[in-house]
Amino acid sequence: MGGFKSTSEKKEKRRVRKDLLMLFLILAVGGLYASPSFGRGLTDEEIMETEKKLCWKCHRQPNLNSNEGIVTSILLCMDCHGKKDVEKKVDGKPVSLFIDEKEYAKTVHRRIACIRCHDGIATSPHRTTRIECASCHGYHGEGTAHDPHRRVNCESCHHESKEVMKDPKTGRIVLKMVKDGVPIKMTSHRLADFGDKKTCEKCHFTDNLLGAPIRVLPAKSLICIGCHSSSVTLNDPVSIVSLLLFIIGLERPSPSGFRGR
């Protein structure tokens, strides 16, 4: 019985060794060839987007409440955007991201840190949401812009670009980023000149697709305050004449047929 048991144990050990050797060969051969996959690999940008790397995890965030911190923050952005060859691709076509420091220094926002307006930009890769102007500026009333313009993004009016469109998803009026298949450079920080009446013609023109009226109506003033959130002002001839006619109508005596007895 002892000899039979010893023989069976030897056979079992040889079988285990054989199985281990076969497994080793399979692993060794498998390592020489790329395993088939129906999914594509992630790009570096997609990996970073997945990891959501925040710049301030490594870099010290400057104090944006001090002049030194503001300048430091702007210079950090200009390290890349101040180079003329910096660009990105939109639909496979390059568009410049260069910002002229001399031109930027002439703008009204020159003393404001970039990340104040471009919220969420301090990530790798850069991803930013729509600029929230209302975080610093209040919404203007109807007396200022003749209409609240609440379905119009601030930058659509106030940016110097004349290319606007209606967002098919939200119905809001936004800046157009691509025209005729070519990406539009959007690095200018200059604002529109509202002293020029043609500025409003980017939306208000015949056969526009934005739903904007063809003519810009006078600003809502004192005579409109009964129904609209207008200001107590008289800034246009129509309002002035209307108020005069209203006062004349109050002063004019009533016809005899309507006098009280």
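Val241 counts as partly exposed, at 47% relative accessibility. This residue of the predicted model lies in helix H8, which spans residues 237-251. Val241 also belongs to a nonpolar patch on the surface.

Now step back to the whole chain. The protein chain has 8 helices and 8 strands. Of its 261 residues, 19% are buried. The chain exposes about 20,500 Å², and carbon and sulfur atoms supply 60% of that area. Take the contacts with a separation of 6 or more: residues 24 or more positions apart account for 44% of them.

The largest nonpolar core holds 11 residues. They are Leu64, Ile70, Ile74, Met78, Ile99, Tyr104, Ala113, Cys114, Ile115, Ile121 and Ala122. Helix H3 (67-81) and helix H5 (114-117) each supply at least two residues of this core. H3 gives the largest share, 3 residues. A second core is separate and has 7 residues, including Val164, Cys203, Leu210 and Ala212.

Charged side chains make other links. The whole structure holds 4 salt bridges. In one of them, Arg190 meets Glu103, at 3.2 Å from N to O. This pair links distant parts of the chain. Arg190 sits in the loop between E8 and H8, while Glu103 is in helix H4 (residues 101-104), 87 residues apart. Arg190 is partly exposed at 38% relative accessibility. Glu103 is partly exposed too, with a relative accessible area of 32%.

Arg190 has another partner. The side chain of Glu160 meets Arg190 in a salt bridge of 3.1 Å, N to O. Glu160 is partly exposed, with a relative accessible area of 31%.

Lys179 and Glu163 form a salt bridge as well, with their closest N and O atoms 3.0 Å apart. Lys179 belongs to strand E7 and Glu163 to the loop between H7 and E5, so the pair joins parts that are 16 residues apart in sequence. Lys179 is partly exposed at 38% relative accessibility, and Glu163 is partly exposed at 22%. Elsewhere, salt bridges that share partners join Glu103, Lys106, Glu160 and Arg190 into one network.

What about the cysteines? The structure holds 0 disulfides. The sulfur of Cys133 has its closest cysteine sulfur in Cys154, 4.2 Å away, which is too far for a bond. The cut-off for a disulfide is 2.5 Å between the sulfur atoms. Cys200 is in no disulfide either; the nearest cysteine sulfur belongs to Cys157, 7.1 Å away. Cys133 is partly exposed at 24% relative accessibility. Cys200 is partly exposed at 28%.

Finally, look at the backbone in two loops. Asp180 has a positive phi of about 55° although it is not a glycine. Asp180 lies in the loop between strand E7 (178-179) and strand E8 (182-183). Asp180 is exposed, at 72% relative accessibility. Asp207 has a positive phi too, near 60°, and is likewise a residue other than glycine. The loop that holds Asp207 runs between E8 and helix H8. Asp207 is exposed, with a relative accessible area of 69%.

Note on methods: Residues are numbered from 1 along each chain as its sequence is written. This is a predicted model: local features need pLDDT of at least 70, side-chain atom pairs count only at pLDDT 80 or more; totals for chains, interfaces and linings use all residues. Side-chain values use heavy atoms; hydrogens and water are left out. Helices (H or I, at least four residues) and strands (E, at least two) are DSSP runs, numbered from the N terminus. Buried means under 20% relative accessible area, exposed over 50%, partly exposed in between (1.4 Å probe, protein chains only). A nonpolar core is a set of buried Ala, Val, Leu, Ile, Met, Phe, Trp, Tyr and Cys residues joined through side-chain atoms within 4.5 Å. Patches are made of residues with over 30% relative accessible area and no salt bridge: like charges are joined within 9 Å, nonpolar side chains (Val, Leu, Ile, Met, Phe, Trp, Tyr) within 5 Å. Accessible areas come from the Shrake-Rupley method with a 1.4 Å probe; for residues, only the protein chains shown count as cover. Contact means heavy atoms within 4.5 Å.
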